[in-house]
Amino acid sequence: MKLICGPMATISHPAFRILIEKFGGCDEYFTEMINAGTLLTNGQFEKYYIDPHPVPEKVVWQLTGHDCFHMKDAAAMLLDLPGIGIDLNMGCSAPDIYRYGAGIGWMLKPVSETMQMVRSVAEEVKKHNEVSGEKKRLSVKLRLGDDNFTEEVFFDFCDKLVENGAELLTLHPRTKKEKLVRPPRYIYCEKLALRYKNKIPVYLNGNVKDADSACAAIKVCPNVSGIMISRAAVQKPWIFKLLDSSLNKKQTEAFDVDLKQLAFDYISDVEVFQPKEFWKTRLQRFFTYYANNFKFSHYAQTQFINASDNDDLRARISDFFEKCPEEKILRVGF
């Protein structure tokens, strides 16, 4: 069972991958969405989105955009970078994304238009592999579709993805408007995995946050090939180590996490691997989840995300642990 770190805006960058790797890492890291049009026009920040550090061989480049030709040409650029391959984002349901025709917007367009895009990117992957001798992969991350979805339409759409070159599907089993509070419909991950058994792998995504929830998901979906985890990995970067131990029945000793040092190290890595213009948003998003490790999580979160700059953030972190020294070391057991 593969363990995959999912794509998250403002999170899935080198500093976060460095943090995950400190606890043993995972099998694959999906990047945050890379906008095809902006990549092609050499936007001033694009070099930060396509930095594969620290484990280039584990990176999957997630591509978004609304135009078939932009997606094709941007995929060709990304294929020249290290990594596992290209992932097409058809799952983001943020209104400003799908109204633009990107993300889940590809599931709402005429099927012929969407499949033309998939086919054109698949051709780029095939051409790259033939020339380079590599085996880069084309995958698609998707949802169930619009809120009026039917099984027949959904499975027909997935069949066409596979027919047109998709070599892996990651399903977040919710519809466009279903919020995270609604349980994901894992049964559709299992149905997909059985449908394409011995043909292509299927990854499950949604609501896995610990060993118990991972086991519960696998109980419903024993035929999926991997579990993708996103938000829970931000709060607990060691989650992949825990799941590897639990799912593979490894004997692993409990360990201590110095949450103060972890925070300081992460800030420093963001300063190295992200432009100054991104520091505030990247750190605010990270510390929103990180604060959930503490008994006084709301107080910690409020203090951290309202810091005026990085020096103020460091000072606020130091002040928090002076007031709550018992929170500094977290014992992670098995």
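Reader: What makes a residue part of the lining of the largest cavity, and which residues are they?

Author: This is a predicted model, and within it a residue counts as lining when one of its atoms falls within 4 Å of a cavity point. The residues that line the largest cavity are Met-1, Leu-3, Leu-243, Asp-244, Leu-247 and Asn-248. Helix H12, residues 239-247, gives the largest share of that lining, namely three residues. By class the lining residues are four nonpolar, one polar and one charged.

Reader: Why is this space called a cavity, and how many cavities of 30 Å³ or more does the structure hold?

Author: A space is called a cavity because a 1.4 Å probe fits there but cannot get out. The structure holds one such space of 30 Å³ or more, and the volume of the largest cavity is about 30 Å³.

Reader: Which residues of H12 are called buried, and what covers them?

Author: Buried is the word for a relative accessible area under 20%, and in H12 it applies to Ile-239, Phe-240, Leu-242, Leu-243 and Ser-245. Their cover includes strand S1 (2-5), H1, helix H10 (211-220), S9, H11 and strand S11 (329-332). After H12 comes Lys-249, with a positive phi near 50°.

Reader: What is the volume of the largest pocket, and which residues lie nearest its centre?

Author: The volume of the largest pocket is about 870 Å³. Its lining comprises 31 residues, and Met-8, Leu-180, Ser-230, Arg-231 and Arg-285 lie nearest the centre. At least two lining residues come from each of strand S9 (226-229), helix H11 (231-235) and helix H14 (276-290), while the largest share, three residues, is that of H11. Sorted by class, the pocket lining has 12 nonpolar, 11 polar and eight charged residues.

Reader: How do you know that H1 and H13 are in contact, and which residues make that contact?

Author: Contact requires heavy atoms within 4.5 Å. The axes of helix H1 (residues 14-21) and helix H13 (residues 259-273) come within 8 Å and cross at roughly 145°, and the crossing is right-handed. On the H1 side the contact is made by Pro-14, Ala-15, Phe-16, Ile-18 and Leu-19, and on the H13 side by Leu-262, Tyr-266, Asp-269, Val-270 and Phe-273. In terms of class, this contact has nine nonpolar residues, no polar ones and one charged.

Reader: Why is Thr-64 called buried?

Author: The relative accessible area of Thr-64 is 6%, and since buried means under 20%, Thr-64 is therefore classed as buried. Thr-64 lies in strand S4, residues 59-64. Setting aside neighbours within four places in sequence, Thr-64 is in contact with Met-33, Ile-34, Asn-35, Ala-36, Met-71, Asn-89, Ala-102 and Gly-103.

Reader: What makes Asn-35 count as partly exposed?

Author: Asn-35 has a relative accessibility of 24%, and partly exposed covers values between the 20% limit for buried and the 50% limit for exposed, so Asn-35 counts as partly exposed. Asn-35 lies in strand S3, residues 34-35, and its contacts, leaving aside neighbours within four places in sequence, are Glu-46, Thr-64 and Tyr-100. From C-alpha to C-alpha, Asn-35 and Ala-102 are 9.4 Å apart in space, while in sequence they are 67 residues apart.

Methods. Residues numbered from 1 in each chain as written. Predicted model: local features only at pLDDT ≥ 70, side-chain atom pairs only at ≥ 80, totals over all residues. Heavy atoms only, no water. 1 Å grid on protein atoms, 1.4 Å probe; cavity = no way out; pocket = protein on both sides within 12 Å on 5 of 7 lines; lining within 4 Å. Points joined across faces, edges and corners; volume = space filled by probe spheres on them. Helix = DSSP H or I, 4+ residues; strand = E, 2+ residues; numbered from the N terminus. Nonpolar A, V, L, I, M, F, W, Y, C, P; charged D, E, K, R; others polar. Axes fitted to C-alpha atoms, helices over the stretch in contact; angles between N-to-C directions. Left-handed = near helix turned anticlockwise from the far one by under 90°. Buried < 20%, exposed > 50% of the residue type's maximum accessible area, 1.4 Å probe, protein only.
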